[in-house]
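User: Please take a close look at one part of this model, the packing of its helices, and follow it into the neighbouring side chains and the connecting loop. A single connected account would be welcome.

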Amino acid sequence: MPLAQQSGERHQTPAVVCLLLAAVLLLAAAWTLPFSFESQSILYKFGAQRIALRCGKLVGLTVALLLFYQLAAVSPLGIPDRLFSRGRRLAFHRRNGLVLGLLILLHPVLILGADDFAGYPLEKKYWPEFVGAAVLLLLLALVATAVFRERLRLPYPVWLRGHRLAAPLVVALLFVHLLSVSETFRSGPPRLAAFCLAGGELLLFAGIWLRGRSPGRG
């Protein structure tokens, strides 16, 4: 490795440590919300069902934060764009996408497990849950087409266009789900935090669109 590059990386180390610490603290702060602002549904759960519901909520919040990190890694307006090489950012983007795919599958398993997998009848009052199901399907489609793009014989420009169109829809639907499915986010600091996160993601999307940058080949 050239000496100049080594020196540059040493100078960036404090900033990288601060960024990683901020990411961890942001996730930890999000995890406190279901405990500090409990929804009424948790009061009717006991034992394993309560644990499953709490874990399901934590997994859902983790998905929301990881989606933010996913955008920050590839947007020219994100701090990682100034600290990491394009190759490292794209590697994180791919790995984080796989983690998102696994967590989005785990989330409904835990939530439904808290109700003995009773499921939801096709009634209007359960529309937030059905929005969540749409998020799950779209996010899994994004991950699957990214991982298996070559096997599916999807031309890169076609895949990228679809990726860019579907990603904002996933984020928008996720926030509709988040703000409507749980009493935790109906008002107060949790709702404000959710809108701040949504605003940050909107800015990151704007950076991708306006500068014509792409996540690169998957």
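Analyst: A crossing is called left-handed if the near helix is turned anticlockwise from the far one by less than a right angle, and right-handed if clockwise. The crossing of helix 4 and helix 5 is left-handed. The model is predicted, so local features need a pLDDT of at least 70 and side-chain atom pairs count only at pLDDT 80 or more, while totals for chains, interfaces and linings use all residues. Residues are numbered from 1 along each chain as its sequence is written, and side-chain values use heavy atoms, with hydrogens and water left out.

Helix 4 spans residues 86-113 and helix 5 spans residues 127-147 (helices, H or I with at least four residues, and strands, E with at least two, are DSSP runs numbered from the N terminus). The two pack at an angle of about 150°, with their axes 9 Å apart (axes are lines fitted to C-alpha atoms, for helices over the stretch in contact, and angles run from 0 to 180 degrees between N-to-C directions). Helix 4 is therefore roughly antiparallel to helix 5 (under 35 degrees is roughly parallel, over 145 roughly antiparallel, 65 to 115 roughly perpendicular, and the rest oblique). On the helix 4 side the contact is made by Gly 97, Leu 98, Leu 100, Gly 101, Ile 104, Leu 105 and Pro 108, where contact means heavy atoms within 4.5 Å. Helix 5 contributes Val 135, Leu 136, Leu 139, Leu 140, Val 143 and Val 147.

Helix 4 also packs with helix 2, at an angle of about 160° and with the axes 8 Å apart. Helix 2 and helix 4 are therefore roughly antiparallel to each other, and their crossing is left-handed. Helix 2, residues 47-74, has a further partner in helix 6: these two pack at about 150° with their axes 11 Å apart. This crossing too is left-handed. Its contact is made by Leu 61, Val 63, Ala 64 and Leu 67 of helix 2, together with Val 170, Leu 174 and Leu 178 of helix 6.

The loop between helix 4 and helix 5 holds Asp 116 and Phe 117. Asp 116 has a positive phi of about 55° although it is not a glycine, and for Phe 117 the phi is likewise positive, at about 55°, again without the residue being a glycine. Asp 116 is exposed, with a relative accessible area of 57% (buried means under 20%, exposed over 50%, partly exposed in between, for a 1.4 Å probe and protein chains only). Phe 117 is exposed as well, at 56%.

Towards the other end of helix 5, Ala 146 lies in that helix and is partly exposed, with a relative accessible area of 26%. Val 131 is 15 residues from Ala 146 in sequence and 23 Å from it in space, C-alpha to C-alpha. Leu 160, 14 residues from Ala 146 along the chain, has its C-alpha atom 9.1 Å from that of Ala 146. Leu 160 belongs to helix 6 and counts as buried, at 12% relative accessibility.

Rings of Phe, Tyr and Trp (its six-membered ring) pair if their centres lie within 6.5 Å; planes under 30 degrees apart count as stacked, over 60 as edge-to-face and the rest as tilted. By this rule there are 4 aromatic pairs. One of them joins Tyr 156 and Trp 159 in a tilted arrangement, 5.6 Å centre to centre with 35° between the planes. These residues are 3 apart in helix 6 (residues 156-181), so about one helical turn separates them. Tyr 156 is buried at 13% relative accessible area, and Trp 159 counts as buried at 6%. Another pair, Phe 205 with Trp 209, is stacked, at 5.5 Å centre to centre and 15° between the planes. Both lie in helix 7 (residues 188-211), 4 residues apart, about one turn of the helix. Phe 205 is buried at 7%, whereas Trp 209 is partly exposed at 45%.

Trp 159 has a charged neighbour too. The charged end of Arg 149 sits over its ring, 5.8 Å from the ring centre (the criterion is NZ of Lys or CZ of Arg within 6 Å of the ring centre and within 35 degrees of the ring normal).
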